[in-house]
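Here is a short briefing on a protein model.

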Amino acid sequence: MAQIGYSEKVLDHFTNPRNVGIIEAPDGYGKVGNPVCGDLMEIFIKVKDDIITDIKFRTFGCGSAIATSSMVTEMAKGIHVDEALKITRNDVADELEGLPPKKMHCSNLASDALHEAIKDYKGKTEDQGKNK
Amino acid sequence: MNDLAPDAGAAMWFWGQSMGKIYLDHASSMPVDPRVLDFVTSNLKSGFGNPSSLHSMGLEAKRVIEDAREKVARLINAENEDCIIFTSGATESNNLAIKGTALRNMGKGKKVAASAIEHISVLNSMKELLKSGFELGIIPVDSTGVVDIEILNDVLTEDTPLTSIMYANNEIGTIEPIRELSGIVHEKGLYLHVDATAAAGRIPIDVQKDGIDLLTLSSNDMYGPQGAGALYIKPGVKLQPILLGGGQERGLRSGTENLFAILGMGEAAKIMKSEMKQESERLKEIRDKLIEEILKVEEAYLTGHPSQRLPHHASFRFSRIEGESILLNMDMKYNIQVSTGSACSSKTLEPSHVLLAIGLKHEEAHGSMVLTLGRSNNIGEIPLVTRAVKETVERLRGISPL
């Protein structure tokens, strides 16, 4: 049956989002979306030995935008950046016990923001490698 | 459930109150007045025949429908009850008024016009006419939602058999200057259709003095059951049916009448008329206080007209946050039900065309919140509601990167 409203888990992450905030001088930063479209999210990561040791987010958007941001930070915390790059939009939705169909495309951007942050981190470390 | 008794105080009977909810979304749906339910159930015991049947049971059903017709006619001061035909709701009334009138009168011209903030059932009916070769003129509104009279004057010609302008808007509460607009429509075009779904029973409507040719009404927007609406048709106005069949409702709306909903709509209209003045004054006081308090929130703005607005209607936008989140937060954390015109809450994922029409940018339109009051609300709820709004806005801005 098609999902009509939000799952308990989405509502939980919307009401009590995990890892809200910013990280000063992050090792990686990703930002996706656009306020004109109604969703904008940014993710900050702290990385040590390619492991994501800390992660924070800030999101402008609907309930699922906030819930997916919160969920993706939980999923990525403590794992290797290459593993984190494998987290897809569907994985985030599955962890949230599903999203209403129309929300799958419009506001399920959190994994994209995470990937951007990791790319930013990788770009920086490559640059440092070149500078050495 | 004593608080559901029909004679209980007006503020007491709504089921929501006993559940600790504060329901502020009366523009979306309203509870059926228990007095209406009582009336319908007691009358249906004898009137269950088919109104088209000629035996006594049919005639009794016919009699109760005619009684309902008279009550609806009185609410809007129609010339007589024959001016009212019953439909399944406002959407059908709008479709019939627009397509039925334009197609029947296309010999006089193939132009139609509508304000930019009409309900989607009006705008889509108008767009459907494009396939039959009609031209559509959209009349813009100003930043408070009032129809631009100069442009209306420019757009209308004698080739315009139908113009549609709503009495009041359900998203921003603005009341249109219908009497003035009808003067222009009749000077230059032919017929004026008015969608009064949001306004009926809230503010006085007099189709004769206002100069209205066709007027849409909805049962559920007056505490009547869902599934009934009405269309007022001024004597002499010609239109053709869009539903064909057995010729019920003067041949303009075939199909066996929805007796239950129609009886309820009649009684609901009668109660709205008798209680309108007192109830509107009561709600206006709550509305004004709500607006005053909510506008104290930083970067909160009223949408719609500051004074020419429905007495039960308060609508806002907040910068840097999104409307569906506001709705969810108000519901989950405070048990308060509100509405929003944000894209995320719509089926099309587009922000409200009404908010865009009053000149808001997309990102501004996303942060809207609409509060519509009803009989269950009382002035004592204001501190709770304003605190909930303030905390909701603060919390969401705390999460927002903007």
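How many salt bridges does a search of the whole structure find over all chains? The search finds 35. The model is predicted. One salt bridge crosses the interface of chain B and chain A. The structure also holds three cavities of 30 Å³ or more.

**Salt bridge within chain A**

- Arg58(A) and Glu42(A) meet through their side chains in a salt bridge, at 2.7 Å from N to O.
- Arg58(A) sits in strand E3 (residues 51–60) of chain A and Glu42(A) in strand E2 (residues 39–48) of chain A, so this pair ties together parts that are 16 residues apart in sequence.

**Interface of chain B and chain A**

- Chain B gives 24 residues to the contact, and chain A gives 24 residues.
- About 1900 Å² is buried between chain B and chain A. Carbon and sulfur atoms give 69% of that area.
- Which residues form the salt bridge whose closest N and O atoms are 2.7 Å apart? They are Lys103(A) and Glu324(B).
- Three elements of chain B give two or more residues to the side that touches chain A: helix H10 (323–334), helix H12 (362–365) and helix H13 (382–399).
- H10(B) supplies the largest share of that side, with six residues.
- By class, the side of chain B that touches chain A has nine nonpolar, eight polar and seven charged residues.

**Largest cavity**

- The largest cavity holds about 60 Å³ of space.
- Its lining is made up of Gly201(B), Arg202(B), Tyr223(B), Met272(B), Glu275(B), Met276(B), Glu279(B), Ser280(B) and Arg375(B).
- How do the residues of this lining divide into nonpolar, polar and charged? Three are nonpolar, two are polar and four are charged.

**Second largest cavity**

- The volume of the second largest cavity is about 40 Å³.
- Residues that line the second largest cavity are Leu24(B), Ile286(B), Leu290(B), Leu373(B), Asn377(B), Asn378(B), Glu381(B), Ile382(B) and Val385(B).
- Helix H9 (259–294) and H13 of chain B are the elements that give two or more residues to this lining.
- H13 of chain B is also among the elements that give two or more residues to the side of chain B that touches chain A.
- The lining of the second largest cavity has six nonpolar residues, two polar and one charged.

**Second largest pocket**

- The second largest pocket has about 210 Å³ of volume.
- Its lining counts 13 residues. Nearest its centre lie Arg202(B), Ile203(B), Pro204(B), Ser280(B) and Pro311(B).
- Arg202(B) and Ser280(B) also line the largest cavity.

Key. Residues numbered from 1 in each chain as written. Chains lettered and ligands numbered in written order. Predicted model: local features only at pLDDT ≥ 70, side-chain atom pairs only at ≥ 80, totals over all residues. Heavy atoms only, no water. Contact = heavy atoms within 4.5 Å. Buried area = accessible area lost by both parts, 1.4 Å probe. Salt bridge = Lys/Arg side-chain N within 4 Å of Asp/Glu carboxyl O. Helix = DSSP H or I, 4+ residues; strand = E, 2+ residues; numbered from the N terminus. Nonpolar A, V, L, I, M, F, W, Y, C, P; charged D, E, K, R; others polar. 1 Å grid on protein atoms, 1.4 Å probe; cavity = no way out; pocket = protein on both sides within 12 Å on 5 of 7 lines; lining within 4 Å. Points joined across faces, edges and corners; volume = space filled by probe spheres on them.
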